Amino acid sequence: MTAPTPPLRPLGARRRWSRLLLSLATLLCACSKPTTDEIRIGEFGSLTGGTATFGISTHEGLMLALDEINASGGLLGKKVTVITEDNQSKPEESVTAVLKLIKQNEVAAVIGEVASSRSLAAAPQCQANKIPMLSPASTNPKVTQVGDYIFRACFIDPFQGSTMARFAVDRLHAKRIAILTDAKNDYSVGLTEFFKATAKQLGAEIVAEESYAEGDIEFKAQLTAIKATNPDVIYAPGYYTECALIARQARELGIEVPFLGGDGWDSPKTVEIGGKAVEGTYITNHYSPEDQRPEVQKFIADYKAKYGGKTPDAMAVLGYDAMRMMADAIRRAGSTDGDKIRDALATTKDFSGVSGHISMDAERNAQKDIVVLQIRDGQFRFVESIAPTAG
Amino acid sequence: MDQLAQQLVNGLAWGSIYALIALGYTMVYGVLRLINFAHGDVYMIGAMSAFYFAHWLGLADAPSLFGFVVVMGLAMLTCALLGALIERAAYRPLRRQPRWAMLTTAIGVSMLLEYGGQALFGPDPKFFPQLIASAPALRLGGAVVTNIDLLIFGVSLALMLGLRWLVYGTRVGMALRAVSVNVDAASLMGINVNTIIAMTFMIGSALAAAAGAMVGLRNPKIEPLMGLMPGIKAFVAAVLGGIGNFPGAVAGGLLMGVTETLVAAYISSTYRDAVAFVILIAVLLVRPAGLFGTVTVEKV
């Protein structure tokens, strides 16, 4: 059977097309040819959206580290540049952002994200393209379980959750504990799980377990139910926008007991929105500005000088530490090859960061101290520091 | 028992907000047979404009009831103008077109407000200034009613009574009812249909703005996408009560608020949003025209 002959096109037209394609191809080659005089690192984060302060703080810390690295001669004799993509606080945008960084900007490594759900969305892309990804602050264990190219510069939820449970039972002598979880958030669900397990083990009773969804603004139904169970403390491991409103509405209903939370509370907005309602809240966190170690005090002074006197929060510290850990790994790897950077990151040991002495464990999680802070007079004040062995 | 009383107070306060928004849906449906999907976003603009007025007028730093009333009034005025603008620019040119054209445009206007709002106000949540400091005002058994809850009940009731007087007690209201019965006949009787429809949009939008300002006061976190869920819920409330029916919209809104609160309190907050729609389906199966609606038989 003969195929129908396609209509003939004038020869000139075809030649014009192929010439156009050829010139386009040369153009593309010229664009994507990696420039040899710089090392590119990609950053994706929530610069806008519901948790914008997380992304902005991380970015500020990261840029401070970048300035220091370039001021001392860059890496491997090359200047380092950071390309930043905003994901608007959305998991689906995170996928687009890392793909753009990897495919279009051809970065050697990726730093991001704070929120575990967004790190989890982006991590498979980095793993598939063999680009090392270092999350500064995602604490859900699942993040680094995606694959051997995924690392984190912070502790994980089992440590954070169980430390708070120990603190609540041992130090605050809490016997009846209510929990209010953000059911749509991997981070919050993870913390709840580990907090609950440890608290029960230590003999405390979980009297109420309520939940809400990220973005909610009305929590009085759940809080009224919690009030009826008469708890000693309320554990609310969510993010600052919701938690500050939760505290507010709890006080309006006449609930006077203290709140406990995780590092998701660490934002200036907590106090701005929560006001007097968040006073007395205890949270687990990565660092305290009251820590007197010289690394910490130097970082705070430099940060204040660069950003108009603003006190850095934990996310800024982790952004700074993540960038410096990445630079350290590239220096030790002696190359921008993905596999070599990965091997160097995996062997990070006793790295002296602002958030403590950091070593990577076999699961690519950073091992370091945790601090407990309390909100007093609108400030996050240092209460105590707890070593990983205790968890 | 104390807990139930408290949950009812929570639910009624939240339901009053739904009721105010639902009234706007019902009014527009009455005169145009249009579901104005942009209505939830007008509520967002109400909260946002109240936020900006409070800061511009310096009232954010000097909390008072008077300050809040001024801010709410200005927000209502802003949204009334916005409502008139939306009607004139987006819906009036399509009035003689098939009904789906207007419906699709409504979805477009909604998106324009949401994403235009993100560009204009920024996508980050804003903290609504505390024009009135929240304090317990009343104790009913074990239930605490805050002064803000009382304000919401009072303002909602006043606005609803005002609306009732306007619709049933004035000549304008009579014209409005005439237009909703039959546009052509009303026009033949010398009623300026364009003016009446524009007014309907203005009143509905002003009610949504009042709801927005009061929500800002009660739950002080506002952002450009905040109108999405309340908009859908209020629409459900309007249908539940019988769309086009004023007491129906109020009853539907209150019922929604109370049911949602009770579901979140006694079942699980995960099912809260789903339950609203289950109730809607259940009611419509038994009463297709809604709780207060009357089935009109189309004469051929």
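Helices here are DSSP runs of H or I with at least four residues and strands are runs of E with at least two, numbered from the N terminus. Axes are lines fitted to C-alpha atoms, for helices over the stretch in contact, with angles from 0 to 180 degrees between N-to-C directions.

This is a predicted model, where local features need pLDDT of at least 70, side-chain atom pairs count only at pLDDT 80 or more, and totals for chains, interfaces and linings use all residues. Residues are numbered from 1 along each chain as its sequence is written, while chains are lettered from A and ligands numbered from 1 in the order in which they are written.

**Exercise 1.** Describe how H1(B) and H2(B) cross.

*Solution.*
- Find helix H1 (residues 2–32) and helix H2 (residues 39–56) of chain B; their axes come within 10 Å and cross at roughly 135°.
- Angles under 35 degrees are roughly parallel, over 145 roughly antiparallel, 65 to 115 roughly perpendicular and the rest oblique, so H1(B) and H2(B) are oblique to each other.
- Now look for the contact (C-beta atoms, placed from the backbone, within 7 Å): H1(B) brings B:Ile21, B:Gly24 and B:Tyr25, and H2(B) brings B:His39, B:Gly40 and B:Tyr43.

**Exercise 2.** Work out which strands stand at the edges of the sheet in chain A.

*Solution.*
- Start with the order: E11-E12-E13 of chain A form an open, antiparallel sheet, where pairing takes at least two DSSP bridges between two strands.
- Strand E11 (351–353) and strand E13 (366–367) of chain A are the edges, because each has a single partner strand.
- Finally, helix H12 (residues 314–333) of chain A packs on the sheet, touching E11 and E12 of chain A.

Methods. Two residues are in contact if their C-beta atoms, placed from the backbone, lie within 7 Å.
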